[in-house]
Amino acid sequence: MSASALRAGLPGVRMNTLAAALVLLLAGGVLMLIQWVGIRAEYLADAEAQARVVASSSAAAVMFRDAAGAADTLAPLASVPMVRRARILDDTAAVIARYPQTDGAAPADATTDCRRGCTWVSAPVRLHDRQVGVVQLQIDMARAHARVWGLLLAFCIAALVAYALAYPLMRRMRERAQGAEAQLRYLAHFDPVTGLHNRNAFNAQLEDGRARGGRMALIQLDLDRFKDVNDKLGHQGGDQLLRQVAARLVETLGEGEHLFRLGGDEFAVVVLEPARVAQVIGTAEAILARFAAPFVVDGVTLSITASAGTSLWPDDADRLDSLAANADMAMYCAKREGRNRATAFEPRLREAQLARIGIRDALGLAIAAGQLALHYQPQVCARTGRLQGAEALLRWTHPDLGTVPPSMFIPIAEEGRLIIELGRWVVAEACRQMAAWHAAGHGYVRVAVNLSVRQTRDEALPAFIDHVLRTTAVPARCLELEVTESVLMEDTDLAVSQLARLRARGLQLSIDDFGTGYSSMAYLRRLPIDKLKIDMAFVQAVPGEGEAIASAILAMADAFGLQVVAEGVETTAQRDFFRDAGCQHLQGYLFGRALPATEFAASWLVAHGTPGAPGDDSGRHPDTTMQARAG
């Protein structure tokens, strides 16, 4: 704690100490009063008992006015220190005897000659139940007072010792309390990880900007794939990265630009009185440019990007929560468009967001409502043109929206766990259709199901596939799983581990859209895969510049003993090129469009005949394949 804080706290410590001292003194006074009353009552009880003893011994002397006998009765009082004086009076109040005998004072009122140091007690002298006189004793209260003063002294010493011990303790407690209060005030407005202002300060800044009545701009910033950093380096490594990000952002901002950490990997910049809209975009782009240089955390080099969304006040919103929601909406739009970019809010984004929410809610009900189906597109042997199988494409027909294209609902499903439920439905439906075709006498075929990013990280996926294969009695070798090259590049170790678990069950594995992720040969050697699928963009670039890329992919696959599928073949020139280049499988509109399962079976499985006996796929081409995916 700073010296100024200590000085500010000293008056409070003194006041608290003074209050404690006053309370202690009050308690001591009450205690001494109680002790004095008790000691005095004890002394008076002893004196009254002594007076009764004398009275019982002097009854005859009083009856006969025997002064010598009465004096003998008082003589033993010499051994009682508390008795100063004593006297025996008859029923006419005449003094018969006194102690000490030299005491000539015998006032009629027994209390007139006793001050604070003493008190009088008396006992009646009775004979045959008749009072014949009275015995009066003057009691010295000095010893009682001494006892009280002794207790008071002991109490004062104890109180002083307690005060001496309590003062530094109270001071330390006060300092700690002030430190805790200061920490709470700090945490109320600052982020403990980065030291930046937090969400409370952010809200206060927006309120202040609105109160001024001027223009504001909000830049919402979110790190891309920050979860991967936490998974790889732990939360401490993630915190180190956040601190480095905060330091770079602070260096980027200028006058009137305020940085906040809202939580997690989300930051915000409030720009006060922007001169023009271009300034806001320029600030956002300058912030993103700061991520060009890699970060180093615990010796690990990290290439991190960020996505930003901007919104203007009052141009884009008439409420502060709407301003923040608009910037957040624009930021997620930037993520969907490829990340590492800034997007300005536009009203169309709000309309698109509402539409996305509607599609997401409807998609959640589509499976149970039976609105999903798989359509199959034929896949043929490049050499013979014989049917090899089909790629199953996911279709959704909504009663109100009509046919919803996969390019619209698949990205929405991938934003949450809905894609896992959707992917499991595709696996189960593909296996069910394989079993149905087998039961119809067409033999078993292999079906490849496309796996999303979330599915490749689903630890329960292998067990689910085991259950589906066991329920449908489809052999594991008939199910092929496709993963995109970009999915594998995000977390190679996790992907290899998951794929190895799946391949150990006898499943076939392939990489879809190959060529878009810039895989190296060393990378391919690690993957437990059986097949590559050339990306459609390279296929459609044949003849032309796509030939060199396709030839390189085919040569690489041949070196690693992998089969290749060319997807998107639409012309005879493309067919001839890939056939002559050694590609095993072809697929595209040149051979047929996707059809529902029943139409596909009638057009291809029945019309082209089924090799081998019903229920036996031994006569079928060894790589008879059906690929099922969302596409």
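**View A. Arg290 is partly exposed, with a relative accessible area of 31%, in a salt bridge with Glu251.** This is a predicted model, in which local features need pLDDT of at least 70, side-chain atom pairs count only at pLDDT 80 or more, and totals for chains, interfaces and linings use all residues. Residues are numbered from 1 along each chain as its sequence is written, and side-chain values use heavy atoms, without hydrogens and water. The N to O distance between the two side chains is 2.7 Å (a salt bridge needs a side-chain nitrogen of Lys or Arg within 4 Å of a carboxyl oxygen of Asp or Glu). Glu251 belongs to helix H6 (residues 226–252), while Arg290 sits in the loop between helix H7 (277–289) and strand E8 (295–297), so the pair ties together parts that are 39 residues apart in sequence. Helices (H or I, at least four residues) and strands (E, at least two) are DSSP runs, numbered from the N terminus.

**View B. The side chains of Arg360 and Asp361 form a salt bridge.** Their N to O distance is 3.7 Å. Arg360 is partly exposed, at 41% relative accessibility, and Asp361 is also partly exposed, at 44%.

**View C. Glu482 forms a salt bridge with Lys533.** The closest N and O atoms of this pair are 3.7 Å apart. Distant parts of the chain are linked here, as Glu482 is in strand E16 (residues 479–484) and Lys533 in strand E18 (residues 531–534), 51 residues apart. Glu482 is buried, with a relative accessible area of 0%, and Lys533 is buried as well, with 1%. Through shared partners, salt bridges join Glu391, Glu482, Lys533 and Glu567 into one network.

**View D. Four strands form an open sheet in the order E2-E1-E4-E3.** Pairing in this sheet is antiparallel (two strands pair if DSSP finds at least two bridges between them). Strand E2 (95–99) and strand E3 (118–127) are at the edges with a single partner strand each, so one side of each has no neighbour in the sheet. On average, neighbouring strands are turned by 15° against each other, direction ignored. Strand E1 (residues 83–90) is joined to E2 by 4 bridges, and in one of these regions Ile88 has Ala97 of E2 as its bridge partner.

**View E. Helix H3 (residues 67–74) lies across E1 and E2.** H3 runs at about 30° to E2 (axes are lines fitted to C-alpha atoms, for helices over the stretch in contact, meaning heavy atoms within 4.5 Å, and angles run from 0 to 180 degrees between N-to-C directions). Ala70, Ala71, Thr73 and Leu74 of H3 are buried. These residues cover an arc of only 155° around the axis, which puts them on the same side of H3 (the arc is that of the directions from the helix axis to the C-beta atoms). At the start of H3, a side-chain oxygen of Asp66 comes to within 3.3 Å of the backbone nitrogen of Ala68.

**View F. The protein chain has 20 helices and 22 strands.** Of its 631 residues, 44% count as buried. The structure holds 30 salt bridges.

Key: Buried < 20%, exposed > 50% of the residue type's maximum accessible area, 1.4 Å probe, protein only. Polar contact = N/O pair within 3.5 Å; in protein donor to acceptor, adjacent residues only side chain to side chain.
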